[in-house]
Amino acid sequence: MVAGGPVEHGFPHLRTVRSAVTALYRRLSEDGLRTFAASVAPAGVAFGDEDDLHLGAQRVARELVRHFRLPDARLIVCFREMTHAADVELAAGPEYFVELNDRFRTHRRDIGAALAHEVAHVYLHRLGLEFPTTAENEILTDTVTTYLGAGWLLHAYREHGEASQKLGYLTPEEFGYVLAKRAAVFGEDPAVWFTSPQAYPAYVAGRDRARADERRAPLAAAGWAARRHYAHDRRDTARHDSGRPRPDSPYEFTPDGAGLKVSFPCPVCHQRIRVPVQGRVRARCGLCRTVLECDT
């Protein structure tokens, strides 16, 4: 939680975010993800100043437990002085103890955001899905929270001169990126739920980055410059029998008998797809089932 300090911007965690989306598809499958088509409703996590602090926190926690399909999980919420926004004790269950920063006693509209992240921790713990390091696990948790329909709560950063606040471990633009990825799959507009004026520009920046994934070669929707680079790399690979054209290239060529095959990440789930280099090709991602028009 950033409170009063600078807010980090940009896309420094994008590689881990994309790996998290892939891991989520592998663990739940495309059918499993479809059960999260509806996002958390604002009315279910609304928290007014007139609400009882502890009863209101328990009510929001129950709504988030319901959203994450954890019917037998019970969250016990308390408040204390701490550095982070919140913490959860990941025991065997069914009871999980969540501590919220004392700051939320007077910033109640963000209690839902803090609890969403902690309930996602419980959800991932139950799934047995984790990354190697603590930092990567926090990025995984924010990504899963957002992709499964509760991340618009976390996209609540505010900047007022020297005062600022941000919840979660993704940058505002990275939250926008994941929200846009989810919106493209489930056909929703998360911008109507944002609680700060700074959230929308960050969402637009993330959405632009997400849409750029759909315009990278060898996808047929790639722009002129991307197709030109791709054609150059394809010819260069054929002449020198090398694999990856450039360190930042999304695609990689490999020999296939007398020809070539190219692999590239699916723009939806980021699983790598491998197709023959033979002009126009229609490819189907085996993980998320997206059909892609390619010009190889």
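Which residue in the turn of the hairpin formed by β3 and β4 has a positive phi? Gly93 does, with a phi of about 85°, and 6 residues lie between the two strands. The model is predicted, so local features need pLDDT of at least 70 and side-chain atom pairs count only at pLDDT 80 or more, while totals for chains, interfaces and linings use all residues. Residues are numbered from 1 along each chain as its sequence is written, and side-chain values use heavy atoms, with hydrogens and water left out.

**Sheet.** Strands (E, at least two residues) and helices (H or I, at least four) are DSSP runs numbered from the N terminus. Two strands pair if DSSP finds at least two bridges between them. The order β2-β4-β3 describes an open sheet of 3 strands with mixed pairing. Its edge strands, pairing on one side only, are β2 (74-80) and β3.

| Strands | Sense | Bridges |
|---|---|---|
| β2 and β4 | parallel | 7 bridges |
| β3 and β4 | antiparallel | 3 bridges |

Within β4 (residues 95-101), Leu100 is the bridge partner of Ala86, Val98 stands opposite Val88, and Asn101 stands opposite Arg80.

**Helices.** Axes are lines fitted to C-alpha atoms, for helices over the stretch in contact, and angles run from 0 to 180 degrees between N-to-C directions. Helix α4 packs at about 105° to α5 (residues 134-147), with the axes 9 Å apart. The two helices are therefore roughly perpendicular (65 to 115 degrees). Their contact (heavy atoms within 4.5 Å) involves residues including His117, Ala120 and Tyr123 of α4 and Glu138, Leu140 and Val144 of α5. By class, 6 nonpolar, 4 polar and 2 charged residues form this contact. Nonpolar means Ala, Val, Leu, Ile, Met, Phe, Trp, Tyr, Cys and Pro; Asp, Glu, Lys and Arg are charged, and the others, Gly among them, are polar.

A pocket is an open set of points on a 1 Å grid over the protein atoms alone, where a 1.4 Å probe fits, with protein on both sides within 12 Å along at least five of seven lines; lining residues have an atom within 4 Å of a point. Of the 17 lining residues, Ala86, His117, Glu118, Glu138 and Tyr169 lie nearest the centre of the second largest pocket. Both β3 (86-88) and α4 (111-127) give two or more residues to this lining, and α4 gives the most, with 5 residues. The lining comprises 10 nonpolar, 4 polar and 3 charged residues.

Terms used
Parallel < 35°, antiparallel > 145°, perpendicular 65-115°, else oblique.
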